[in-house]
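Visitor: Could you walk me through this structure, one piece at a time? I am new to it.

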Amino acid sequence: MTTEAIQERLKPIVKPYVNNQENFNNLTSESNFIEDLEINSANLVDIVLDVEDEFDIRIENDDMEKMINVEATVNVIQKKLANK
Amino acid sequence: MMKRKRVVITGMGVVAPNATGLPQFEDAIKAGKSGIKFHQELKDLKFSCQVGGVPKIPQELLDKNFTALEQRGLLATGLIYGGIAGQEAWTDAKLSIKHELDTDSGIIFGTGVLGVEKLREAFNRIDDKQVRRLGSTSVLQTMASGISAFLGGRLGCGNQVTSNSSACSTGTEALLMGFERIQFGKAKRMLVGSCSDSGPYVWGGFDALRILPHQHNATPESASQPLSAAAAGFVPSSGAGALVLEDLESALERDAHIYAEVLGGHVNAGGQRENGSMTAPNSTAVKSCISQALLDAGVNSEEIDLINGHLTATAMDSTEIENWSQALGLSGKEFPYINSLKSHIGHALAAAGSIELVSSVLELSRGFIFPNINCDTIHPEVLKLIDEDKIPRRLVEKKLNLLAKASFGFGDVNACVILKSYDK
């Protein structure tokens, strides 16, 4: 799956947890979940669970720790999809 | 000794099986509207008692009080009821939600057990080796203080924020704890209340104790019969009540509407001694609790116009009347009016005290006595002690000055509060 395609599917997953709508509207691959989108850190585990369901993959703790921005998250998803 | 502050009630919220929201609740209790229904789920689970009280929560109300995100995976019904009632009380008191921390305001919001449905989901996931999939809200929804934590964050309270737990006296105890905190100048206002989850996982233990009625599964609205000769056990129920207590000076300063004044009260326990046990109250302690409450409030028993009883619809009802009668030193026609909201909504367990306090404050501030329903034939033991006219079966419009409210809980714990109407 292309980076763009994954990013498009990631957006609606992240949306309900976002507290900075303006930065979400101008989302880039560098957008940081906590700093830019102001997502509550506790909700990162919910995003990971939603990503698992959407892409039918399993994300372990060490991969989860990397998922701090859009680009890193897309990379983790891509790697998991490739290993399926 | 420093002069104690006067404490008044400036806001209320309620989620009850017969009505949700303060104006609707006032109409319902005046009309003697039952909130008890048959629940197929209880029948399917082979409960003896298949009736209960469950508040109706329209989606619109849920949306007003919880964000879409907070509603995801939200299974803790007590948190839903308490979250709605707490926010309604705050809004009713015309208190704003500020961005800055409010160190003058605190919360004491109790419960028995919170989020049993969520716990069940968590147990199943954990046993399935899926602990990693519990999500982020499992703790909030299942810790006892989840309700005060939720409201504390919503309202930005920076004073004491906690949850008390003393079974069926939880709500009345919460009010007295908040009252004392303001009396002694430690807070300007306290949101107090309690909530209780609904459903089989909360009610099952009581069904197992065989203390719920099994005779009224086909006639749910007449199942809860406090003070009645036919009383066969309490009807399990749920919901939440909330009250904003405020330092009188602070209330006057911001020109708040004052519903009533909290004059005093008392909390004690019977130690499961004498005739007390885990499930039955020690009468000596009950009477002492009532007497000490009057003393704390500085009022004489003859001044009490109305008692909002604990009166659950068990064999203990006549014992409760006897205790009131002896503690007040009043009987027959001298006894105050008495009513039990449990005839309308059943026994809301940890939420009972606070919902019943909301009904009591409405009676005081609006001048009425809601009718006792389902007691056409009053228990003969009760009639030996007090006059039949003191148990109104129809709405009475009447100016009231002083009201006593008591709650007695599992574990032999008691709480009694004295409320006074407030005249400018």
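Guide: Let us begin with strands S1 and S8 of chain B, which run antiparallel and are joined by eight bridges; two strands pair if DSSP finds at least two bridges between them, and strands (E, at least two residues) and helices (H or I, at least four) are DSSP runs numbered from the N terminus. This is a predicted model, in which local features need pLDDT of at least 70 and side-chain atom pairs count only at pLDDT 80 or more, while totals for chains, interfaces and linings use all residues. Residues are numbered from 1 along each chain as its sequence is written, and chains are lettered from A and ligands numbered from 1 in the order in which they are written.

Visitor: Which residue is the bridge partner of B:Ile9 in S8(B)?

Guide: The partner of B:Ile9 in S8(B) is B:Leu245. S8(B) also pairs with S7(B), again in the antiparallel sense, over eight bridges, and there B:Cys195 has B:Ala240 as its bridge partner.

Visitor: Why is S8(B) largely enclosed?

Guide: S8(B) is largely enclosed by the rest of the structure because nine of its nine residues are buried, where buried means that 20 or more other C-beta atoms, placed from the backbone, lie within 10 Å of the residue's own, against 12 or fewer for exposed and in between for partly exposed. In a regular strand the side chains alternate between the two faces of the sheet. Here both faces are covered, with B:Gly239, B:Gly241, B:Leu243, B:Leu245 and B:Asp247 buried on one side and B:Ala240, B:Ala242, B:Val244 and B:Glu246 buried on the other.

Visitor: And what does S9(B) pair with?

Guide: S9(B) pairs antiparallel with S1(B) over three bridges, B:Val8 having B:Glu261 as its partner, and S9(B) also pairs antiparallel with strand S15 (residues 413-421) of chain B over nine bridges. Eight of the ten residues of S9(B), which spans residues 260-269, are buried.

Visitor: Switching to helices, which residues of H1(B) are buried?

Guide: In H1(B), residues 22-31, the buried ones are B:Phe25, B:Glu26, B:Ala28 and B:Ile29. These residues lie on the same side of H1(B), because they cover an arc of only 165 degrees around the axis, the arc being that of the directions from the helix axis to the C-beta atoms.

Visitor: What covers them?

Guide: The cover includes strands S1 (7-16) and S2 (19-20) and helices H14 (342-345) and H15 (352-366) of chain B.

Visitor: How is chain B divided?

Guide: Chain B has domain 1 (7-253) and domain 2 (264-421), with bounds that come from an automatic or database domain assignment. Their contact takes 57 residues from domain 1 and 53 residues from domain 2, where contact means C-beta atoms, placed from the backbone, within 7 Å. On the domain 1 side, the largest share, eight residues, comes from H9(B).

Visitor: Which residues touch the most other members of the largest nonpolar core?

Guide: Among its 110 residues, B:Ile9, B:Leu191, B:Leu243, B:Leu245 and B:Val361 touch the most other members; a nonpolar core is a set of buried Ala, Val, Leu, Ile, Met, Phe, Trp, Tyr and Cys residues joined through C-beta atoms within 7 Å. Both domains of chain B give residues to this core, so it lies between them. A second, separate core of 17 residues includes A:Ile6, A:Ile59, A:Met67 and A:Val74.

Note on methods: Contact = placed C-beta atoms within 7 Å.
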